[in-house]
Amino acid sequence: MPVLDELSGFEFEDVMEDVFRNLGYENVHQAARTADEGRDVLMEEVVDGERRGIVVECKHTDSVGRPVVQKLHSAVATYDFDGPTRGIVATTGRFTRPAREYAQRLRENDDPHPVDLLDGEDLREFADEIGLDLYNGRIEILCNDTLRPYDPATSLDAPVTAAMRDIENLDAGDLPDPDARVTFRPTVIVTAETDATFETSVGVIHRVHERNRLVVQAERGHPEQLPPRVAELVTSNRHATVELDEAGFGEVFDEVETRRFGETQTEYKEWAMDRLREHHTTTVSYTGDNNVTYTKTCEPNRSDVTVHAVEAVYLPDVRQTTELGEYTYPLEYYAAGPSRVTTEDGIHACVHCETTGDGETYTYCANCGSINCAEHVRTERLEGTPVCTGCAVTERFMLSTKYFYDEDNREAFREEYDAMAFYEKLGENVPLAVGATLGVLVLVVGSLVAVGVL
């Protein structure tokens, strides 16, 4: 199998770890490379409800003989596992006849610790099955699972309808259908465990034993961890995926786009290991035997980080835009069926200023289609309904600014105004009317006092 010849023995172990993980084995990890007792990769499987332990010996060589199989059989027999155990020898080359006969004899004798043999031809078949690039030992990500881009129990535009419901002067039931587009973004969930102990002459000064789950944006470019709320959306709904059917989703959405995974599974695994090493690196102080205080930077080694799972899934990024009059309102969110995390809310935002958020009161102007904060909405004088300060036509009557939908409304009010009695016109400026009334009362009271009536 010459395509793997350039890999080192350790690199071959890395490749086999990814191979077994993609074949569905659980808790796949490499044993410590110091004093490994012949155990390169440890993993588990569940058969008929029974959990079994598996010890894998990886041999990157042209030929594997009987002694290797015998050594692994002994390692499996002494493997401390609560349940049945078996072994696997995986090689890029071939097995000698004595090696195959020995493994076959274990099977025929119903040995409690059988050993299976995987040669280069077997690995070629696995490569086709899981997308393994044999030329560089990389596992290409093959994924057809996605979180649900919408809740099938409701309509696609339900999120927009819900967001519009608290906009005053707007009947959410009369909204036009929004333009809906979905981008399926590749995402990788890496589950890993860091187990490191740091010692000096005085003993253990620091320990790390922590299991982490990294949810990674996996498009082209540098991998990035998703924000906590989005990561929680992915992990909490990972069990409820559906097939990514672009044709089927194309009948629901106006536009469907699927992004490609930017890196290989192996590269995401290595990226996660580096991030966890950085995360767990710390500087500690300790007192030596001579009562002198020292500081030491404790950085886990790569061998201290064990990647248990690399799971791929698509995360739907839905963008819906609704046109109202002269304006278009976007609502963008990551979706997982009925759950979602909003990334852009152009509905709860005043079109005239930077006021945003759910804590404000917003009012719809049917005249131009704008959504406005309280500072940019007024009452239209002729109709008595909301109008925004951006589209309204204004004019001062009785020193008070009045707002109108358009010039026709303003002209119609002028005619009404001209026909009003003076006291009615005065009512167009309540503060002025109140002030004038108080002024008259003051004059009356003053006159009465002057003539001695009061």
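Is Asp245 buried, partly exposed or exposed, and what is its relative accessibility? Asp245 counts as partly exposed because its relative accessibility is 38%, where buried means under 20% relative accessible area, exposed means over 50%, and partly exposed lies in between (1.4 Å probe, protein chains only). The model is a predicted one, in which local features need pLDDT of at least 70 and side-chain atom pairs count only at pLDDT 80 or more, while totals for chains, interfaces and linings use all residues. Residues are numbered from 1 along each chain as its sequence is written, and side-chain values use heavy atoms, with hydrogens and water left out.

**Surface charge**

- Asp245 lies in the loop between β14 (241-243) and α7 (246-250); helices (H or I, at least four residues) and strands (E, at least two) are DSSP runs numbered from the N terminus.
- Together with Asp145, Glu243, Glu246 and Glu251, Asp245 belongs to a patch of negative charge on the surface.
- Such patches are made of residues with over 30% relative accessible area and no salt bridge, with like charges joined within 9 Å and nonpolar side chains (Val, Leu, Ile, Met, Phe, Trp, Tyr) within 5 Å.
- Accessible areas come from the Shrake-Rupley method with a 1.4 Å probe, and for residues only the protein chains shown count as cover.
- Lys and Arg count as positive and Asp and Glu as negative, whereas His and the chain ends are not counted; the place of a charge is taken as NZ of Lys, CZ of Arg, CG of Asp or CD of Glu.

**Salt bridges**

- The count comes to 31 salt bridges, each defined as a side-chain nitrogen of Lys or Arg within 4 Å of a carboxyl oxygen of Asp or Glu.
- Arg259 forms a salt bridge with Glu219, in which the closest N and O atoms are 2.7 Å apart.
- This pair links distant parts of the chain, 40 residues apart, with Arg259 in the loop between β15 (255-258) and α8 (265-280) and Glu219 in the loop between β12 and β13 (224-225).
- Arg259 is partly exposed, with a relative accessible area of 27%, whereas Glu219 is buried at 12%.
- Arg319 and Glu344 also meet through their side chains in a salt bridge (2.7 Å, N to O).
- Because Arg319 lies in strand β18 and Glu344 in strand β20, the pair ties together parts that are 25 residues apart in sequence.
- Arg319 is partly exposed, with a relative accessible area of 31%, and Glu344 likewise counts as partly exposed at 31% relative accessibility.
- A further salt bridge joins the side chains of Glu411 and Arg414 (3.0 Å, N to O).
- Glu411 and Arg414 are separated by about one helical turn, because they are 3 residues apart in helix α9 (residues 407-418).
- Glu411 counts as partly exposed at 37% relative accessibility, and Arg414 is partly exposed with a relative accessible area of 28%.
- Salt bridges that share partners join Arg185, Glu219, Glu257, Arg259 and Asp317 into one network.

**Buried residues**

- In helix α6 (residues 228-236), the buried residues are Val230, Ala231, Leu233, Val234 and Thr235.
- The buried residues of α6 pack against several strands, among them β11 (179-200), β12 (203-217), β18 (305-324) and β20 (339-345).
- Asp151, in the loop between β10 and α5 (158-164), is buried yet has no salt bridge, and the nearest side chain of opposite charge, Arg148, is 6.9 Å away.
- When neighbours within four places in sequence are left aside, Asp151 is in contact (heavy atoms within 4.5 Å) with Gly337 and Pro338.

**Loop positions and backbone**

- Thr385, in the loop between β23 (377-379) and β24 (386-388), counts as partly exposed at 30% relative accessibility.
- The C-alpha atoms of Thr385 and Ala366 are separated by 9.0 Å, although these residues are 19 residues apart along the chain.
- Pro112 lies in the loop between α3 (97-108) and β7 (115-118) and counts as exposed at 57% relative accessibility.
- Most residues other than glycine have a negative phi.
- Asp110, placed in the loop between α3 and β7, has a positive phi near 50°, and this residue is exposed with a relative accessible area of 66%.
- Asn169, found in the loop between α5 and β11, has a positive phi of about 70° although it is not a glycine, and it counts as partly exposed at 41% relative accessibility.
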